[in-house]
Amino acid sequence: MDQSMNVRLAVQLLSNSVSKAIAYYYCENKYIDKYNWKNAAEMISLFNKWFDLFNTNSKFDYGLESYGLNLNSQNGILDEMSSFIEHMRKLNQDVLEHLFSFIKGMSGSASSNITALDSS
């Protein structure tokens, strides 16, 4: 698998659609609170915003403002990501394994290579 394919898969997984699906499921099924699904959805949303911030080619690319046009909001995203990275050591591997298992279960896929389209 080439490098661009790996990035594309990461962007699909860490997308706003996946974040919203997890947040919706969390709201509908409060019994899964012990796995920190709300935090996982917020983390995925942060990665999506961070990717979007660096993925603009023109002043307004797909409705997104290029860096510098909304500095307060954009620097807030950068600060939040910086803080997340600094505290990433606290992430528990079990939480991530449960997250990926959950996403795979939502897709109903037996394949270990799921895509964002599998969960729609």
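**Helix H3 and its two partners**

Mentor: Happy to! From the N terminus on, the elements of this predicted model run α-α-α-β-β-α-α. That gives the chain five helices and two strands. Of its 120 residues, 24% count as buried. The accessible surface comes to about 8,400 Å², and carbon and sulfur atoms hold 53% of that. If you take the contacts between residues at least 6 apart in sequence, 53% of them join residues at least 24 apart.

Now let's go to helix H3, starting with its packing against H2. Two packed helices are described by the angle between their axes and by the distance between those axes. Helix H2 covers residues 16-28 and helix H3 covers residues 37-53; their axes come within 8 Å and cross at roughly 165°. Angles over 145 degrees count as roughly antiparallel, so H2 is roughly antiparallel to H3. The crossing of H2 with H3 is left-handed. On the H2 side, the contact is made by Asn16, Val18, Ser19, Ile22, Ala23 and Tyr26. H3 contributes Trp37, Lys38, Ala41, Ile44, Ser45 and Asn48. Sorted by type, the residues of this contact are seven nonpolar, four polar and one charged.

Setting aside neighbours within four places in sequence, Ser45 is in contact with Asn16 and Ser19. Both of those partners are among the H2 residues that make the contact with H3.

Next, look at how H3 packs with helix H4, which spans residues 71-86. Here the angle is about 130° and the axes are 10 Å apart. H3 and H4 are therefore oblique to each other. H3 passes H4 in a left-handed crossing.

To put the two side by side: H2 and H3 cross at roughly 165°, while H3 and H4 pack at about 130°.

How values were computed:
Residues numbered from 1 in each chain as written. Predicted model: local features only at pLDDT ≥ 70, side-chain atom pairs only at ≥ 80, totals over all residues. Heavy atoms only, no water. Axes fitted to C-alpha atoms, helices over the stretch in contact; angles between N-to-C directions. Helix = DSSP H or I, 4+ residues; strand = E, 2+ residues; numbered from the N terminus. Parallel < 35°, antiparallel > 145°, perpendicular 65-115°, else oblique. Left-handed = near helix turned anticlockwise from the far one by under 90°. Contact = heavy atoms within 4.5 Å. Nonpolar A, V, L, I, M, F, W, Y, C, P; charged D, E, K, R; others polar. Buried < 20%, exposed > 50% of the residue type's maximum accessible area, 1.4 Å probe, protein only. Areas by Shrake-Rupley, 256 points an atom, 1.4 Å probe, with all protein chains shown as cover.
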